Amino acid sequence: MFNIFGKKKESIEQKIAKILFDNSMIISTAESCTGGLLSSRLTDVSGSSLYTKLNFVTYSNEVKHSLLGVTTETLEKFGAVSKECAAEMAVGLHERTNADVVICTTGIAGPTGGSPNKPVGLVYVAIKSKYKAVVQEFRINPKLNRKKMKYKFTQVALEMLYDFLSDISA
């Protein structure tokens with residue numbers, strides 16, 4: 001992608017990398033519905049080993065519980081696709097990695113699954129640092145194929161991460 005002056009436009013991943021690098025910050029990820037794509041996109045930037053600590057794909061409830069400390073009560077009461085689960089994933093990841101910032105995703109990429117309350121295209125993104133934590137719900141067009149859905153999930157997550165990092169590094 002080029003801007004009007006013919007220079008290559010900086011990607012969201014490059015913008016995030018610059019903030020992390022310039023502020024000597026370390027990031028970790030825990031993903032469910034995005035299956036490692038978020039980690040992949042963050043590490044597509046050359047030099048990403050300078051700011052990447054530890055990334056997990058925590059697809060099953062058992063692993064969300066055992067690796068990240070999501071409580072069985074949360075999983076039973078709210079489900080894996082919930083703001084409560086996303087928040088607990090972020091807290092657990094932050095505690096276990098001591099990264100400066102963590103980002104977690106949980107959702108329903110489809111094309112099957114989902115329900116009226118939790119439809120295909122629903123994703124929760126949680127971001128946590130030492131001083132701030134946020135969880136946001138996004139609803140993506142449920143007609144997208146699985147690959148495009150996962151990409152869209154990571155895109156909203158990266159945009160949210162960029163905004164989060166811009167606020168704390170300002």
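Reply: The discussion below goes from the overall chain to the sheet, a helix, the core and a loop residue. Please note that this is a predicted model.

Me: How many helices and strands does the protein chain have, and in what order do they run?

Reply: The protein chain comes to 6 helices and 5 strands. From the N terminus the elements run α-β-α-β-α-α-α-β-β-β-α.

Me: What does the radius of gyration say about the protein chain?

Reply: A compact globule with 170 residues would have a radius of gyration near 15 Å, and the 16 Å of the protein chain agrees with this. Along the principal axes, the C-alpha atoms fill a box of roughly 50 × 35 × 25 Å. Of the 170 residues, 45% count as buried. Among contacts between residues at least 6 apart in sequence, 62% join residues at least 24 apart.

Me: In what order do the strands form the sheet, and which of them stand at the edges?

Reply: Strands of a sheet pair through backbone hydrogen bonds, in either a parallel or an antiparallel manner. Here 5 strands form an open sheet in the order E2-E1-E3-E4-E5, with mixed pairing. Strand E2 (52-57) and strand E5 (133-139) stand at the edges; each has a single partner strand, so one side of each is left without a neighbour in the sheet. From one strand to the next, the twist averages 10°.

Me: How many bridges join E1 to E2?

Reply: Strand E1 (residues 27-31) is joined to E2 by 4 bridges, and the two run parallel. The bridge partner of Ile-27 in E2 is Thr-52, while Ala-30 stands opposite Phe-56 in E2.

Me: Which way do the residues of E1 point, and are they buried or exposed?

Reply: In a regular strand the side chains alternate between the two faces of the sheet. In E1, Ile-27, Thr-29 and Glu-31 point one way, Ser-28 and Ala-30 point the other way, and all are buried. With 5 of its 5 residues buried, E1 is therefore largely enclosed by the rest of the structure.

Me: What span should H5 have, and which of its residues are buried?

Reply: An α-helix has 3.6 residues a turn, so residues three or four places apart point the same way. The 15 residues of H5, at 1.5 Å a residue, should span 21 Å, and the end C-alpha atoms are 21 Å apart, which agrees. The buried residues of H5 are Cys-85, Ala-86, Met-89, Ala-90, Gly-92, Leu-93, His-94 and Thr-97. Just after H5, Asn-98 takes a positive phi of about 55°.

Me: Which residues touch the most other members of the largest nonpolar core?

Reply: In soluble globular proteins, nonpolar side chains tend to be buried together. The largest nonpolar core has 49 residues, of which Val-101 and Leu-161 touch the most other members. Elements giving two or more residues to this core include helix H1 (12-22), helix H2 (37-43) and helix H6 (146-169). H6 gives the most, with 9 residues. Leaving aside neighbours within four places in sequence, Leu-161 is in contact with Ile-16, Ile-27, Leu-42, Val-101, Ile-103 and Ile-127.

Me: Where is Ser-82 found, and is it buried or exposed?

Reply: Ser-82 is found in the loop between helix H4 (72-77) and H5. Buried means under 20% relative accessible area; Ser-82 has 4%, so it is buried. Beyond its neighbours within four places in sequence, Ser-82 is in contact with Thr-106, Lys-118 and Tyr-124.

Key: Residues numbered from 1 in each chain as written. Predicted model: local features only at pLDDT ≥ 70, side-chain atom pairs only at ≥ 80, totals over all residues. Heavy atoms only, no water. Pairing = 2+ DSSP bridges. Axes fitted to C-alpha atoms, helices over the stretch in contact; angles between N-to-C directions. Expected span 1.5 Å × (residues − 1). Buried < 20%, exposed > 50% of the residue type's maximum accessible area, 1.4 Å probe, protein only. Core = buried A, V, L, I, M, F, W, Y, C linked by side-chain atoms within 4.5 Å. Contact = heavy atoms within 4.5 Å. Rg over C-alpha atoms; globule rule 2.2 N^0.38 Å.
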